[in-house]
Amino acid sequence: MEHLAVWIAALLTLGIISFLYKDNAWYKLSEAIFVGISAGYWFVVLFWDNVHGKFWTGVFPPEQYDAAGNVITEAPDYMLWVGAALGILMLMRLIPKIGWISRWPLAFIVGSTSGLYLINYFSSNMMRQVQGTIMPLFGMWPTDPTTGETVFQALPTYDIVGNVVILVGVFSGLVYFFFSKEHRGVFGATAKVGIFFLMVTFGASFGYTVMSRMSLLIGRVDFLFGTWLGLIK
Amino acid sequence: MRREIPLLITGIVGAVFVLQYFIPHWPFSKMNAWFSDWFSIVAAFAIWLGALNLMKISLQKIAGRKEDWGYAIVIIVSFLVIVIPGFGGGQGYREAGTFFSWLYEWVYTPLSSTMFAILAFFVASASYRAFRARNLEATLLLVAAFFVMLGRVPVGDLLTGFMPTGWQLSDLAGWVMNFPQAAGQRAIMIGIALGLVSTSLRIILGIERSHLGGE
Amino acid sequence: MSTRTWELLVVAAVLIVSTIVYLGKVGGWIGGVSFSPAVSIIVIILIFLSLVWILVRTLRGSLVDRRIVFLFVGLAVVLPFFMSITQKIKISPEVQQLYDALEALPPGSKVLVSFDYDPPSAPELQPMAESFLRYCLRSDLKVIIIGLWPQGPQQADLALQIALEDPEIQSKSPQYGVDYVNLGFQAGNEFVIQRMGANIESMFPRDYFGAAYRDLPLVRNVKNFSNIDYSFNLSAGYPGTQEWVQVAVDRYGLRLGGGNTAVQAPMMYPYLNAGQLVGLLGGMNGAAEFELLTGVTGKGTKFMLSQSFAHMIVIAFVIIGNAAFFASGRRKPLEQGK
């Protein structure tokens, strides 16, 4: 069975890779299997983990036992019926005549994510980031706990340069994204500096994307030449 | 009422999630728990909607003998081949040794991994054909990419081993990632956060209604 | 012979050769292949000369067929597997920061590890998971595993099996439920993290194998994030490190280190810079650096040679394309290969 498994995995892998030569029946077959298996996988997993795991065991909680062997049963959570009802309304989208009712669960999802993201993004991606940008540029004035004196402590050159780059980069990048004012004069020059920082960001992202894609390919090559053919020492 | 009720739902749910952050006590903590559970259940049904829609489209393709209808049969058969043991296996459906886990390990995993892996080839080909240093901005992008691609692998230090410590490619790549790249990413992050906060507020207050569709 | 016939012959040849090699592997008469250093250098020189040929062709005005580019990428990834070349890996500050944070934890500290990825991302993240779990179990750190992706706990199980094979760890005889525990997957994305901030048991009433939370000695007294000393998140997308930072770190003060795919890693640097992340492993090179720090070579290190070659090939093709672009005076577009 293990031999069959490895060969099936290898043939399906080669089928997908064959697309690099040109579109062909072997690739189309592998792709169709992938589409069907993926849809089925998520169908099953979400049933057992979400619908059964959350809804069914919440509304009909199973018997549990404590260390002494006594039965403890949690109280059913009938509010979960609302979730199930919303879920079923979602499926009404498949029936054109009453598909409009699927807006209710959709509104619920949109409302939930809006409410959660509003606070999370405001706090973590805005306030904390602004806080992280406002840093000592050249040095600090710590107070000596024994003498009570405040003495200037210069930062290492590496940190000074880095902090200045961060400040200039974040500020000019934000200026670039401000499209309500025409990018002219000093404002335009600042936006231009912002573009340079953004180009560095995109270049670094491209480099890391190449790294990531190559890593995935390396993983498949390891399977084909190592696990399947046993050629890798 | 077809639009008013969804707007009301969006507003109430969104407001509860905002308020529970500041008042993590009853009743907001309880409502937060309810809404979180409902979200998980509704999300499952949303994926089911997609899967059932796929089956509907495939069946229509087969019935109408449209182009590549044979592959639609393969899609449906593959779907059933994993769904039947998945439901039939009970709660232990994915334990080691089950047919579901076998399909997951030897069919689903190789296929999904390879689908992502072939992107490596397209990235290289697209770079060769389209990545041109036409102007200063594109050149800057290219140079940053080179720094990172060479600096993050050992060959970068091999090529710049003669440079003093702190000036080799790995050090320069690290500096680029930690400072100018981080600054650009932060600017993008703050910009997105601002946009997201304003859009979320508009949705919760009912000003933004595009998610409700037409009619 | 027609093209179709050639194609079918090639497919048949590939299948026949792979069947022979497979039978050889099973029968034991074909083993691993390894190039000597001299052969490795000859292979590198041949690849270099081929790139020069491509440069000349491109400078003459026509881009090579994309399938030639694909072939070079394939060779750049495959051939290093057989080469005997070692590379010196340098540790980056963010990887060192994560390692230092772990080193500072006293034995018995509780470490929460969240497996938020699936098998396609395993080449980058699985080596990180294996070396992280190995380090924790060697250092008597107590490991609590959860997953926000359905496949996460399965990946965790695979990584644990590798870590538990370590002789030093075997000598300590770690016990499930006492030294490490796998609480399994919970649906709900960032809502799960939010609820864990108040009560972890409410999200994970049973572990991956069905045992009740309160019956597991390791987590019995772990109520929420305030009882966790350090957390490590292995992330390939959504939900992932960003959600952990936004909810667990900023709201509940959890100390978090990130292990991300290379696609995600650049987006984590602002969090690292702001102190929201304590350490970051980015991509396969991050995995290789962490393996070096923990002293056990794994797949992260093994794959770095292929990674180096692949990067060089991509850079070479970009340079070739640009050389031709500038040589043509930026006037006319290059003639596309078939």
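In chain B, the loop between H1 and H2 holds Pro27(B), where helices (H or I, at least four residues) and strands (E, at least two) are DSSP runs numbered from the N terminus. The peptide bond that joins Trp26(B) to Pro27(B) is cis, with an omega of about 5 degrees. This is a predicted model, in which local features need pLDDT of at least 70 and side-chain atom pairs count only at pLDDT 80 or more, whereas totals for chains, interfaces and linings use all residues. Residues are numbered from 1 along each chain as its sequence is written, and chains are lettered from A and ligands numbered from 1 in the order in which they are written.

Chain B is assigned domain 1 (1–66) and domain 2 (136–203), the bounds coming from an automatic or database domain assignment. A distance of 37 Å separates the C-alpha centres of domain 1 of chain B and domain 2 of chain B.

Two helices of chain B, H6(B) and H8(B), pack with their axes 8 Å apart and at an angle of about 125 degrees; axes here are lines fitted to C-alpha atoms, for helices over the stretch in contact, and angles run from 0 to 180 degrees between N-to-C directions. That angle makes H6(B) oblique to H8(B), since angles under 35 degrees count as roughly parallel, over 145 as roughly antiparallel, 65 to 115 as roughly perpendicular and the rest as oblique. The crossing of H6(B) and H8(B) is left-handed, a term used if the near helix is turned anticlockwise from the far one by less than a right angle, with right-handed used if it is turned clockwise. From H6(B), Ala144(B), Phe147(B), Val148(B), Leu150(B) and Gly151(B) meet residues of H8(B) that include Leu169(B), Leu172(B) and Val176(B), a contact being counted if the C-beta atoms of two residues, placed from the backbone, lie within 7 Å. By class, this contact of H6(B) with H8(B) has nine nonpolar, two polar and no charged residues; Ala, Val, Leu, Ile, Met, Phe, Trp, Tyr, Cys and Pro count as nonpolar, Asp, Glu, Lys and Arg as charged, and the others, Gly among them, as polar.

We turn now to the contacts between chains. Where chain B meets chain A, the contact takes 103 residues from chain B and 98 residues from chain A. Among the helices of chain B that each supply at least two residues to this side are helix H1 (4–22), helix H2 (28–63), helix H6 (136–151) and helix H8 (169–178). The side of chain B that touches chain A comprises 77 nonpolar, 19 polar and seven charged residues.

The contact between chain A and chain C draws 36 residues from chain A and 43 residues from chain C. On the chain A side, helix H2 (25–59), helix H4 (103–133) and helix H6 (185–228) each supply at least two residues, and H6(A) gives the most, with 16 residues. The side of chain A that touches chain C divides into 18 nonpolar, 14 polar and four charged residues.

Chain C contains an open sheet of six strands in the order S3-S2-S1-S4-S5-S6, with parallel pairing, two strands being paired if DSSP finds at least two bridges between them. Its edge strands are strand S3 (180–185) and strand S6 (280–282) of chain C, each of which pairs on one side only. On average, neighbouring strands of this sheet are turned by 15 degrees against each other, direction ignored. Strand S2 (residues 142–147) of chain C runs parallel to S3(C) and is joined to S3(C) by four bridges, and the bridge partner of Ile145(C) in S3(C) is Asn182(C). Helix H10 (residues 241–252) of chain C packs on the sheet, where it touches S1, S4 and S5 of chain C, and its direction makes about 170 degrees with that of S5(C).

Two loops of chain C deserve a look. Asp140(C), in the loop between H5 and S2 of chain C, has phi near 60 degrees, a positive value in a residue other than glycine. Pro239(C) lies in the loop between S4 and H10 of chain C, and the peptide bond from Tyr238(C) to Pro239(C) is cis, with omega near -5 degrees.
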